[in-house]
Every structure is written in structure tokens, then in C-alpha cells.
Amino acid sequence: MPRLSHSTALKAAVFATGLSGIVSEYVLATLATYFLGNQLVQWTLTISIMLFAMGLGSRLSRHIHANLLVSFISIEAALSLLVGLSALAVYAIAGLGPTATTLAIYGLSIAIGILIGLEIPLVTRINNGYETLRTNISSIMEKDYYGALLGGIFFAFVGLPFLGFSYTPIVLGAVNLMVAILVIWHLWALFPAHKPKPLTILLGLVGAVLSMAAWWSKDLVQWADQNRYTDKVIFNTQSAYQKITITQYKDNYWLYINDNQQLSTLDEHMYHEPLVHPALLTGPAQHVLIIGGGDGCAVREILKYSEIEKITLVDLDPVMTNLAREHPVLLDLNDSALHHEKVMVVHEDGKKFLELDGDYYDVIIVDLPDPKTVDLAILYTVEFYRLAHRRLRPHGRLITQAGSPYYATRAFYCIEKSMKKAGFYTLPLHNQVLTMGQWGWVLGSKNDPAHTLVQRMAHGLGHRPLALRWLTAGAVGHITSFGQPLADTNNIELNTLGNPILYRYYNQGNWDVY
């Protein structure tokens, strides 16, 4: 097999740097979102800080005057180590609190950015002896950008869904390390006589550290995750879309998505009964669409109505719905609902499904995580509710979970106002869920005003034997009654695609007293 040219070996190193660099940015940004919240801010800051640090590294590279190859290999060794250990370092430090976590994530972003910024100018200068200036600069930058593209594809479709944070950074650190070894092998004769062996030993030590990290990484991540929860973690996985965790305390279980509680077996009926039954009791229903609700509990409640002929559940994440079908905790909780012959599960984005779907529904139930990020807030926009309005039959109803009317008052009423703008009569609802505090929903109807919905709900609960655990006819007055809002709601804006204001209202809520 023909030996690679010196220039090709150097370009392979730049390609590997582009690949590992972009993945480390995505890993740190995702971890910042998990541990610190506010996805938009964390992704923006993490990537911007790393790009700024790359600029600092490029500036610092001008002070390296001699032994360019030695400096380059040393930087590659440091980069391999930092990239490979980045996620494990964040997990290990996260238990010290948000300040330490912030410093760790942004500090790693700066360090990795400086090393990348140092490396590219050095490679360009080394490669200057093999290509003209015009070709040299364009080819070096080209390989870096191509590596970044492959890194993005790898992170989205291989790293995060299959390797997770336990192994993705380590794999990328190992790639960087192997390319550094390749460069030493191909350019051995160009190193000062006494330098290659110490550098080879250095790379060997880095490889040993990465191997040890790979051996212990899963245990370390599990230990760090356990430290984040008061209760025992019995299940933890990272899907392509979210981190899913189940914890146990005595005989009860909690489900978390991205470290945010979704339900507890102690009181989930106090959430799911107000989510489902107000919509089903206020008019005829044969075909129900659920957007979200991958845990299967909403389906369990819907199946209490014999007249329901078909339930379509649309959830983006197959890992979540498979968990609801297979994990003994969720399987027992939802009464094997997702195995029922009336249920069809579709793995698709809720908005995209409504845009492409040709069916019509009597009821649409939106059971999604809170709108704390822009991408989630899109599923609470006027445009989304208009899509749902068009997919409902003339007597149709839509109900959505709407966060807390007390902890995030402006967000709650923003959702109601956006539904009204889409053409719905609205009825706000709330209930005290023991493990979540005051929680709320908004019921919307195409034709019936709020007072009619209240009457039908009370009548249905008083006359249908639904075997509910909490919701009764007498509770209707409670869940439909509100005092004065705890925040100024006079100037609340609509949540639209052009102005997704909802996530700001949500994050500006009174969560410090939650």
C-alpha cells in the first residue's frame, strides 16, 4: 500500500480536529442545557465562547517560532485528552452545584477552543513547504470544515443516540490521538533527533488515560446521575432526543426527561385525569389524537371510554414509547395501554404530523414537556393551534397541558390567549398535583363556550361510571375556578412562530419558590 504524503497526513489531522472539535462543542452545549437549563442561551454561549477561544488560540500561535511539529503533536495530545474527558469531567463536577458546573463547561470550551485555534495555523505553516500559499490555506480550511460536517452527522445520528455521553467524547479523543500517531509515523524523519520517542510516550500515556476513562465512564456517569437525584435511579438512558430517567422511593416511581419531572406514580392520576376527561366528557368522541404522552398514561385514561374507536399517539421519541411498552414500571402504570388494538403509535414531530396528516379527530390531547425552550414553544404557537383546529371535526375539542398558572402565570395565560387567537373557545383548568404543585391545562372547543363545557363536564362525571381515582363532579368547580392571576396578564403577547415569546414567559416565572 502506498505511503501517505506528509501533506495528506497533516490534512488528516486537521480533518480529525474539525470532527472532534464540533462534537465537543455539541456535547458541552447539550450538557449545559441538561445541568443549567435554558437551551437557547446555553447553546449560544457555549459555541460562541469556543469560537472566541479559537480566535485566541490562533493569535497565540504566532508566538511559536520553532519546533512546529513538536508543538503540533503536543497540542494534539492535549486536545485528545480534553475532548475525551470533557463529558466525564462535567458529570464529576456537576454534583458541586451550578456555579462549578458553569465554570467547568465554559472553561473546557475555552481550553478546547484555544487548542483548536493553535493547531490550524501551525498545520498551515508546516504544510507551507508542500503546497503554494493559495492551495495550502484553502485545502487546510477545507479539511477542517469537512471534518465539522462529519462530526455533526456523527453526533446527531451515532454519538448521542447510541454511544451517549459515556463514550462519544472518548471515541472522538481516540480519533484525534490516532491521527497524531499517524503524523508522527509519516513525518518521523522531520522531527529533531531526540523528540519523536518522548512524544510517542506522551501519546501512549494519553491513550492509556482514555482507555481507563472508557473502562470507568459508564460507572462514573451513573454515579454522577445518582448524585443528582434524591431517590434511587433504577433506569437511565440517552435517546437521540432526550435523557430519560426513572427513580424509586419506597413503592413509588418518578419519570424524568432531561432531569425535569414528568410524572410520579404517587399522584400522576391527579395530572392525567384533568388532562384527558374534560375533553372527552364535553362532546362526542370516536377518534382521539395524542401529541406527546409517550408514557401511555393518557392512553390508559382514554381507553375507559368504550365508544372510542381509534387512538393515534404521536411521539417523537421511539425510546420513550418502547419504554412505555416494555419497562415493568411504566407497563404496570399504564395498564399495557400502548399494546391495545385501538392504539396506533407514530414517531414524528407533532407539528409536522398535523401538517401532513389527512385524518380528522374529535379530540386532540397535547401532552408535551413544558415550553422552556424555543423548539418546545413552537408546539404551543398560534400556528400550531390553527393546524390542530383544522384537523378537528366541527364539534372537536383540544386540551393541552399548560404548565403552572402560579409558578409560570404569564406563560399559562399566553397559551390560553394563543389558543383563542387560533379560533378556540377556551376554559382554563388547574389542580394541585402533590409532587408538582399547582398545575394547569387549557381546554379549547371549536363551538362551545366555557360555561357549556363546565356543565357537560360536571354532568358526565356525575353520570358515567369511569372508575376515576380523583376527578369527580364535585371537583369540577374546583378545577375551573381561579382567583386573580399572580402576575400582570394585561399585556401578554401571542406565542407565534415569528415571536416565540412563550419560553421567555416560562423561564421568567416564579420557579424559585417551586
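Author: Start with Glu301 and Arg300, which form a salt bridge whose closest N and O atoms are 2.9 Å apart. A salt bridge here is a side-chain nitrogen of Lys or Arg within 4 Å of a carboxyl oxygen of Asp or Glu. Both Glu301 and Arg300 are buried. Buried means under 20% relative accessible area, exposed means over 50%, and partly exposed lies in between (1.4 Å probe, protein chains only).

A word on the basis. This is a predicted model, in which local features need pLDDT of at least 70 and side-chain atom pairs count only at pLDDT 80 or more, while totals for chains, interfaces and linings use all residues. Residues are numbered from 1 along each chain as its sequence is written, and side-chain values use heavy atoms, leaving out hydrogens and water.

Side chains of opposite charge can pair when their charged atoms come close. The whole structure holds 13 salt bridges. Another one joins Glu307 to Arg464, with the closest N and O atoms 2.8 Å apart. This pair links distant parts of the chain, 157 residues apart. Glu307 sits in the loop between helix 8 (297-302) and strand 6 (310-314). Arg464 sits in the loop between helix 15 (450-463) and helix 16. Helices (H or I, at least four residues) and strands (E, at least two) are DSSP runs, numbered from the N terminus. Glu307 counts as partly exposed because its relative accessibility is 31%. Arg464 is also at 31%, so Arg464 counts as partly exposed too.

Next comes Asp362. Its salt bridge is with Arg393, and the closest N and O atoms are 2.9 Å apart. Asp362 belongs to strand 8, Arg393 to strand 9 (residues 392-401). They are 31 residues apart, and this pair too links distant parts of the chain. Asp362 has 3% relative accessibility, so Asp362 counts as buried. Arg393 is partly exposed because its relative accessible area is 28%. Elsewhere, salt bridges with shared partners tie Asp225, Arg228, Lys243 and Asp259 into one network.

Now take a charged residue without such a partner. Asp370 lies in the loop between strand 8 (361-367) and helix 12 (374-377). Asp370 is buried but has no salt bridge. Lys372 is the nearest side chain of opposite charge, 5.8 Å away. For this count, Lys and Arg are positive, Asp and Glu negative; His and the chain ends are not counted.

Asp370 does have polar contacts. Its side chain meets the side chain of Tyr506 at 2.6 Å. It also meets the side chain of Gln401, at 2.8 Å. A polar contact is a pair of N or O atoms within 3.5 Å; within protein, one must be able to donate a hydrogen and the other to accept it, and residues adjacent in sequence count only if both atoms are side-chain atoms. Leaving aside residues up to four places away in sequence, Asp370 touches Leu376, Tyr380, Gln401, Gly403, Trp439 and Tyr506. Contact means heavy atoms within 4.5 Å.

Step back to the whole chain. The protein has 17 helices and 11 strands. Its C-alpha atoms fill a box of roughly 90 × 45 × 45 Å along the principal axes. Of its 514 residues, 54% count as buried. Contacts with a separation of 6 or more come 72% from residues 24 or more positions apart.

Two strands pair if DSSP finds at least two bridges between them. Strand 2 (residues 243-249) and strand 3 (residues 252-257) run antiparallel and are joined by 6 bridges. Ile244 stands opposite Ile257 in strand 3.
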